[in-house]
Amino acid sequence: MKLTEYYGRRVLVDRPDWQAKQPPAPIQTLETITVGDRKIECRRCGQKTPKKIAALPNGEFYCPRCINLGRVATLNKFYHVPEPNQFVVKEPVLTWQGQLSPLQQEAAEEVATGMKKHQHQLLWAVTGAGKTEMMFRGIAAALRRGERLAVASPRVDVCLELYPRLQAAFANTTMVLLHGRQELPYRYAQLTICTTHQLLRFYHAFDNLIIDEVDAFPYAANAALLYATGQAVKEKGGCLYLTATPGPSLLRQVRQKELAVSYLPLRYHGHLLPEVRLRLTPRWRRTLDQKRLPANLVAELRRTLAAGHRFLFFVPHVRDLPGIAGALETVGFERRTFTTVHAADPERLAKVQGMRDGRYDFLVTTTIMERGVTFPEIDVFVLGADDPVFSSSALVQIAGRAGRARSRPDGRVIFWLGCPCRRVREAARQIRFMNQKGRALQR
Ligand SMILES: [Zn+2]
């Protein structure tokens, strides 16, 4: 193994190897697991496990929590070399040719200043604000300072989407993409793009760490993610969280001033977020189970198409899709004008492309379409918005699919729900909050 592969990482080594001989300097040997009286604590993922569950034959223990990164056991050690920042910086660092609006520029400068000071900061930018481009300036300056950086996201699809954009924007920088679904070998690079899970392989590696779509996971701000972040970044390193929908734990850190915050309340085209309209439909579930749709929903869909607009129609569950498709046909929507799509749908990509190309008037879908996909000029409808499958951040993201085009910045968003619901209220409140800030800027 090349020495560079130990830089800022914890590499697993088996007992025969570490017992045979001392590793050459500057490689350090680190413990993998702390064995307590009743529990073991994993040094990689920080989780504790009762000894009974973690036991291996011969009195050894392993960590079942992070096993999908390769098994860590008391038989192993980590080899580690403190991050030396051994990079050659090639100009021009920033090869992105785009332009930022004055508001985006302001936010980009705040981000860059925070990164320079190695601050912990939050960029709260509405959906469709162009937040990726707003971190370019900060990244470029950090790369020029010779820093090692990572952009991580809880979701693989976000990483896959980011990687080519960052490659184009920083064409002269060494870069690596890491996630669980790929077998490409690891290599030392100045900029790492990875899933937050992969951060567990690093140790005090990054001078600045950026977490994109930090809310994208259920219980996103959970202990495991915080641990992964905390140990991957250098002790005096900075951390930038990017999100359109900060969860309770980030908001608490903002209130307690542990986290600096920058807002970007307007979309890239300078307009506000479309506000959510709510329609109470107490028996939506029963209607749906009978494979029918609420009459006022059907009327709304017809009106939308008559006005020449296309839309996304969200429903809570994959199992709801066939019944709804049937109900739509029964009331006269032609099957060739729409389709259903869900996460495990083998034709998912083709269908999304079909919607992009205008072959469909609308898609009936689930939370899989809540983020990452942009169709310009659409409206957004949700049936059963009070179903627990829709978290408040999912609802904000879903609402944010509307009004993304400069040509039609004011799409409509309507939620049908059975009864008032805290998550729906919270989503509507977050949108209003950002719009208040946005209006103040428009004046
Ligand atoms: Zn572990």
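## Strand β10

Leu-191, Ile-193 and Thr-195 point one way from strand β10, Thr-192 and Cys-194 point the other way, and all are buried. Buried means under 20% relative accessible area, with exposed set at over 50% and partly exposed in between (1.4 Å probe, protein chains only). Side chains in a regular strand alternate between the two faces of the sheet. Since five of the five residues of β10 (residues 191-195) are buried, the strand is largely enclosed by the rest of the structure. Strands here (E, at least two residues) and helices (H or I, at least four) are DSSP runs, numbered from the N terminus.

This is a predicted model, in which local features need pLDDT of at least 70 and side-chain atom pairs count only at pLDDT 80 or more, while totals for chains, interfaces and linings use all residues. Residues are numbered from 1 along each chain as its sequence is written, and side-chain values use heavy atoms, with hydrogens and water left out.

Which strands pair with β10 in the parallel sense? One is β8 (residues 149-153), over five bridges, and another is β9 (residues 175-178), over four bridges. Two strands pair if DSSP finds at least two bridges between them. Leu-149 stands opposite Leu-191 in β10, and Val-176 stands opposite Thr-192.

## Strand β19

Strand β19 (residues 413-417) has five of its five residues buried, so it is largely enclosed by the rest of the structure. Val-413, Phe-415 and Leu-417 point one way from β19, and Ile-414 and Trp-416 point the other way.

Strand β14 (residues 276-280) pairs with β19 in the parallel sense over five bridges, and Arg-279 stands opposite Trp-416. Strand β18 (residues 378-383) also runs parallel to β19, joined to it by four bridges. Val-382 has Phe-415 in β19 as its bridge partner. From β18 the chain crosses through helix α13 (residues 392-399) to β19, a right-handed β-α-β crossover. Right-handed means that, with the strands pointing away from the viewer, the path from the first strand over the helix to the second runs clockwise.

## The second largest pocket

The second largest pocket holds about 920 Å³ of space. Of its 37 lining residues, Glu-161, Arg-165, Gly-372, Val-373 and Thr-374 are the closest to its centre. On a 1 Å grid over the protein atoms alone, a pocket is an open set of points with protein on both sides within 12 Å along at least five of seven lines, a cavity is a set where a 1.4 Å probe fits but cannot get out, and lining residues have an atom within 4 Å of a point. Grid points are joined across faces, edges and corners, and a volume is the space filled by probe spheres set on the points.

Helix α6 (156-169) is among the elements that give two or more residues to this lining, and α6 gives the most, with six. Domain 2 (102-264) and domain 3 (276-442) both contribute lining residues, so the pocket lies between them.

## The second largest cavity

How many cavities of 30 Å³ or more does a search of the whole structure find? There are two. Helix α14 (residues 422-442) gives the largest share of the lining, three residues. Because domain 2 (102-264) and domain 3 (276-442) both give residues to the lining, this cavity lies between them.

Conventions
Domain bounds come from an automatic or database domain assignment.
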